[in-house]
Amino acid sequence: MSDPKMPEGLWQPRSVEETMEIYADWATRYDADLIAAGYATPARVAAALAAQLSDRAAPVLDFGCGTGLSGMALAEAGFTTLDGIDVSAEMLEQARAKGVYRDLTLGTPGAVPEARAYAAVVATGVISTGAAPAGVLDDVLAGMAAGALLALSFNEAALRERSYLQALTDAQLDGRVLLLSAEHGPHVPTKDGARSSTVYVLRRT
């Protein structure tokens, strides 16, 4: 049964403008709504990255950091040098209040930041139907240094749409990444349409 507090149609294709409006309106309620719904993916992504990256002081970029729930999970996993970027000023305001980020940047829709200074990039629930298209995976990888890790999640909606898994498969087949781990588990257990997600950790070659 879906949670009536959460926006409807979150994991449906829409324009960038519509997506921006949804998250601007939702920013102040986002944490409470998702925590109440049992949002599990940030902690799962942080744990998956921690299993592969022993240096907890290594710089990590939280791509699409939103209100900072992913940053909080990374901090709880022991990571101490966190930067975040998001296209929503309203969401970044909430993230800034959490005090876990070294730096926060307002991004531009469609633009992916240079990430060569980071040991890892995290994209928790970002590359997904209704948020960012599958091609963003290629863009993120293009900006990463060889040897850096990418920890990301695909929820059920992304897994059902062929383009997301195809982008991941192509990156492995052409040698851009090595898949280190993949684990399917809970995402937003009470939300129809995206109850589960797969968390991946990739190494850029």
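**Aromatic pairs and salt bridges in a predicted model**

Me: How many aromatic pairs does a search of the whole structure find?
Reply: This is a predicted model, in which local features need pLDDT of at least 70, side-chain atom pairs count only at pLDDT 80 or more, and totals for chains, interfaces and linings use all residues. Residues are numbered from 1 along each chain as its sequence is written, and side-chain values use heavy atoms, with hydrogens and water left out. Rings of Phe, Tyr and Trp (its six-membered ring) pair if their centres lie within 6.5 Å; planes under 30 degrees apart count as stacked, over 60 as edge-to-face and the rest as tilted. On that basis, the number of aromatic pairs found in the whole structure is 2.

Me: What is the geometry of the pair formed by the rings of Phe154 and Tyr164?
Reply: The ring centres of Phe154 and Tyr164 are 5.8 Å apart. Their planes lie at 70°, so the pair is edge-to-face.

Me: How many residues apart in sequence are the parts that Phe154 and Tyr200 tie together?
Reply: The rings of Phe154 and Tyr200 have centres 5.5 Å apart and planes at 65°, so this pair is edge-to-face. Helices (H or I, at least four residues) and strands (E, at least two) are DSSP runs, numbered from the N terminus. Phe154 belongs to strand 5 and Tyr200 to strand 7 (residues 196-204), so the separation in sequence is 46 residues.

Me: Is Tyr200 buried or exposed?
Reply: Buried means under 20% relative accessible area, exposed over 50%, and partly exposed in between (1.4 Å probe, protein chains only). The relative accessibility of Tyr200 is 7%, so Tyr200 counts as buried.

Me: Which residue forms a salt bridge with Asp33?
Reply: A salt bridge is a side-chain nitrogen of Lys or Arg within 4 Å of a carboxyl oxygen of Asp or Glu. The closest N and O atoms are 3.9 Å apart, and the partner of Asp33 is Arg29.

Me: Where is Arg176, the partner of Asp138?
Reply: The closest N and O atoms of the Asp138 and Arg176 salt bridge are 3.0 Å apart. The pair links distant parts of the chain, 38 residues apart, with Asp138 in helix 5 (residues 135-142) and Arg176 in the loop between helix 7 (162-173) and strand 6 (177-186).
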